[in-house]
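Subject: Structure handover

Hello,

Here is the structure I promised to pass on to you. My notes on it follow just below, so please have a look whenever you have a moment.

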Amino acid sequence: MSPSDRPLQRILLVEDDPDIRVVAELTLKALGGFDLLVCPGGQEALNQVDAFAPDLMLLDVMMPGMDGPTTLLELRKKPSMASIPVVFMTAKVQPGEVAQLKSLGAIEVVPKPFDPASLPGQLREIWARHQS
Amino acid sequence: MQAPNPHPRELERLAALRALRILDTPPEPRFDALTRTACRLFGVPTALISLVDENRQWFKSRAGLNATETPRDISFCGHAILNDEPFVIEDALRDQRFLDNPLVAGDLGLRFYAGAPLHDPQGLPLGTLCLIGYQPRAFTQDEREALIDLAILAESELTTNQASQSGSDQVRLDALIASMGEGVVFQDGQGVILSANAAAEEFLGLSLDQMQGRSSIDPRWQCIHEDGTLWPGDTHPAMEALRTGKPCTGKVMGVRLPNGGLHWILINAHPLLFDSPTPSGVVCSFQNISDRKRHEETLQSLVHRQTQIAAQVPGMIYQFRLRPDGSSSFPYASEGIAQIYGVSPEDVQKDATPALERIHSDDRSRIQASVLKSASNLAPWQETYRVLTEQGTLRWVLGNATPEMESDGSVLWHGFISDITDQKIQQVLLEQQEAFQRAMFLSAPVAIISTDLSGIVTSINPYGEDLVGYRSEELVGQHSPALWHDPQEVVARAEQLTHELGCTIEPGFDVFVHRARRGELEQREWTFITKEGLRKPVLLSVSSILDSSDTLVGFLGAILDLTEQKRTEANYRLLAEHTEDIIAQHTLEGAFSFITPAAERVLGYVPEFLLGRFPTEFVHEEDHGIVRRAHAAALKGEPPYPFRYRVRHREGHYLWLESLGSLLLDPLTGAPSKVLFTSRDITAQEEAERALRQNEERLRALLHAMPDLIFLIQDDGTILEVHSHDESGLRARREDLVGHTLHEVMPSGLADDRLARIRRVLSTGSVETYEAEVDTLEGKETHETRVVPCGTHTVLLIARDISERKAMERMKSEFVSTVSHELRTPITSIRAALGLLLAGIAGDIKGQGHDLLELARANTERLLRLVNDILDFEKAQSGQLTLEISRQDLGDLVTQTVVAAGPYAAALDVSYAWEAPKEPAFAPVDPVRFQQIMANLLSNGAKYSNSGGVVRVRLLRDERQWRVEVENQGPPIPPAFRAHIFERFAMADASDTRSRGGTGLGLAISRALVERMEGSIGFTSDAHQTCFHILLPSSEPKP
């Protein structure tokens, strides 16, 4: 991967809870200014990810149907998505769990609840770290 | 050639010829005159009187011929006897019958033959008078007649010969027989006596007249055998000879005489055959052997008597002959040879070898040499030597013999050999006994001193020398008791004896030996004074010394040094008087014969009361058997063994005694004399042991009832005991565990871990607990195991199956985890929504609206903290809390936390006073969790401070630990609450929770976290201030 100064712009958010989808969309679009596609489950995300071509994916961990880690594994099977950066967002933030999620190939884990004021900045930092 | 035919009456002719008894008799002049005359008369070279026998012609007279006979089958005479007229062959070569006759064709060259037969009176031709020429010639009728005349003369001569010779022979024979010393009796074919000579008349005591006509089977004869049995007439030798036709000789016969006397005769009987198979008579000849018989009998009785005598003598009488060729024999040996050599006299009569072989191989050459020497110098022989019996045992024998030289160069010994085994054994025993006594004398641990009758010392053994300190040379010849006895003792004993015996005993030697003189053993304790002047207690036994004739020749003193014994006795007495052990002697029947004073101290009975009584009188009825068995065992001399029983104290209660019994032997006779029991009061011990046993039983019941598995394990890992109410919780069957090491029953990694824990527990003395998944006989279980020290080298491993509890915990934990996740999801959207509003996403909200939003957000934060705390606490409780321990500078971490908490404190109008130490304070901690603890303490400090107060934060070095303190001024912690301050939801006042905004879990979580970091947490609180502290182990600073 060549270093690039391209800022984070397109985010695909997968979140099953509709209320969190609302506040997250507001936070990332209105406060963060990102291009955002929000999917309610893993399968929908897999269906749309190629069309949307996100810079980064924000995955909830615990979801009915296809959960976060499974979605990640399926995503990685797509050649186009083999190296897309993925950030998990979870209410389970024990150190062991964080390590396990990272070992699946996530570049970072963001705890829930998130602070809408700081979440966009947090993601940009993660993106920048990843880019470097 | 034609052989002559036999005569028609050949058998009769031959019988008649033989009856003449002329065949093979010497030449006689009267026949020779005839043949000579014939030669002259007829002018022939040869004339013969030829007698034709069965297979030959034998010449009674032969003129002009050397041969005495020729075969009959080539004879001319054989032909001649077949005719009554002369048989004439004028030229044999011209006669077909004879031309090839060897007499004709051979060297003899016979050509002419003329033979006239010679007849006996019965007319049977016996032979011829024949003429032989070697030239052919004619033979005239005159010549024939002349030859017949000559033949008549010859016939007459032959017959005359028979008559005259038999007549003269008979006369001579009669004379001979009559003059013989032997008895001769002629008997006819029936055994009837025809004649007898004078000797026979004398021997038989009968005149010839009396005998004639009497047969051998006549019952008047009284004949006996040598053994005295009757000799029947039909077996008389004469009758035997008649019956068998053979001589019957060498018979010894006793003949009873008419006068009653007995003659012994040696009788021979010869049958008279006269060319007939049936005897025509018998001649008996006999010698009178009565005298010889008498001599023999005398000799036999002598021999018999000698044999009898020899048989009575313990040994053998013998003759031994050594021949020049080296062979030897026992011509005579008495029956005793069987005892000496194990052979019979007959065995060695011809050859002595069977006897000589019995001589012990070690002695054989010596005996041989001495026999040869005796043979060479004819000196008497005497030797002692050994003979091997048939049974393989040895006998000692003594041989004596006198040799004599015999005419043939043999040497004959007459001798006697006696069995001296018993003497020899006695001698050997005596020698052994002497050697033994000598050894005893020299090495016995007893002093032995002998004196003569007057008390002069004759010997002292080495032990005696050591005892008295004098050398043998210094003592022998000295007078006893001068040197080593205490004079006062001697005087005292003399007085005592004088008193006892009623006669004066001088204080001298007599004091010691007066009893020995009477054949008694005098035994008494004395004091000896050694050469160095030491006084030694001794036991002196004096006995008399008798010679072989029982004459008193001296005295023997045996002295035992009693020094050691006395010392032991003194010690023993001291011991017996002072020990708490009761020492009692019992008679063999069991009665007390001696008992130490301890009996009174222990049992309340004075010794005098117990003497003569039996222990069973005081022993608890149920224990009588135990005591009796012990007494019996002691009597049998069995090794002592401790036994316990109850004995009634004088005051009625029972005491437990433990005793050991042993048998005492009489020191002199060695016979059992007493039974000794030592007894000890073990009531206290017994009661304690009983209590212990009860406890043990109770404990065992308890262990058995407990659901836990309990292992008693040694520090080397050996499983000593396993307790479990059933086997299901065990890894293996009980018998596969007990006695085995941990390494044998579990994987080595686990065993190492367990062993490390066991050793740690044993070294620290503290209890350690761990949980483990265990493969049991029933499947997987979770065990919580406590390792508890139990003694210095063993621990108890108490394992409890907490599988169910663990399952519950897991469920609870999952529940909590799920609930907290489910709680966070709405909190996430509420918090984000409030954040978005406050961030002005819906336009600026000011005034009361903004305040309400802030209120909502603060409570959202609080709700989140509560959820987080509950989650942490549950994780800490279930052991799921994972720490990431690393080496951290505590100063840095505290600084960060103080800074982070600053706004919160400021909101409460409280400030933190903190100054980080200059040196880094390294400790192994999880930085996130440490900050969580600090945040909790700092917020608490702020919450419970008075408004405007200062919370002081300090980091101090405390030995090898770091001490972090957070101190605030404020109301004290209520004393009733202090003990529960680290429990969950513990807040002094329920209303407190809301007013102070705490979850009530903070300190509980903090303690759990601190302990996980191997630290501790505590507090002090007084009226004005409260100070919480954390102690954490320090890491050494980096070098």
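**Strand pairing around β22 of chain B**

Strand β18 (residues 447-452) of chain B runs antiparallel to strand β22 (residues 552-561) of chain B, and six bridges join the two. A word on terms: strands (E, at least two residues) and helices (H or I, at least four) are DSSP runs numbered from the N terminus, and two strands count as paired if DSSP finds at least two bridges between them. Within this pair, B:Ile449 has B:Gly557 of β22(B) as its bridge partner.

Before going further, please note that this is a predicted model, in which local features need pLDDT of at least 70 and side-chain atom pairs count only at pLDDT 80 or more, while totals for chains, interfaces and linings use all residues. Residues are numbered from 1 along each chain as its sequence is written, chains are lettered from A and ligands numbered from 1 in the order in which they are written, and side-chain values use heavy atoms, with hydrogens and water left out.

β22(B) also pairs with strand β21 (residues 535-546) of chain B, in the antiparallel sense and over nine bridges.

**Two five-stranded sheets in chain B**

One open sheet of five strands has the order β14-β13-β17-β16-β15 in chain B, with antiparallel pairing. β14 (328-333) and β15 (381-388) of chain B stand at the edges with a single partner strand each, so one side of each is left without a neighbour in the sheet. On average, neighbouring strands here are turned by 30° against each other, direction ignored. (Axes are lines fitted to C-alpha atoms, for helices over the stretch in contact, and angles run from 0 to 180 degrees between N-to-C directions.)

Helix α12 (residues 361-377) of chain B packs on this sheet and touches β13 (315-322), β15, β16 and β17 of chain B, where contact means heavy atoms within 4.5 Å. The direction of α12 makes about 155° with that of β15(B). Helix α13 (residues 421-443) of chain B packs on the sheet too, touching β15, β16 and β17 of chain B, and its direction makes about 125° with that of β16(B).

β26 (residues 654-665) and β27 (residues 672-681) of chain B are antiparallel and share nine bridges, and B:Gly661 stands opposite B:Phe677 in β27(B).

**Helix pairs**

In chain B, helix α27 (residues 890-907) and helix α28 (residues 927-943) pack at an angle of about 40°, with their axes 9 Å apart. They are therefore oblique to each other (angles under 35 degrees count as roughly parallel, over 145 as roughly antiparallel, 65 to 115 as roughly perpendicular and the rest as oblique).

In chain A, the axes of helix α1 (residues 18-31) and helix α5 (residues 119-131) come within 9 Å and cross at roughly 70°. That makes α1(A) roughly perpendicular to α5(A). A:Thr27, A:Leu28 and A:Leu31 of α1(A) meet A:Leu119, A:Pro120 and A:Leu123 of α5(A).

**Where the chains meet**

The contact between the chains takes 21 residues from chain B and 20 residues from chain A. About 1800 Å² is buried between them, 69% of it from carbon and sulfur atoms; buried area is the accessible area (1.4 Å probe) that two parts lose on being put together, summed over both. On the chain B side, B:His821, B:Thr828 and B:Leu836 lose the most area to chain A, together 29% of what that side buries.

Best wishes
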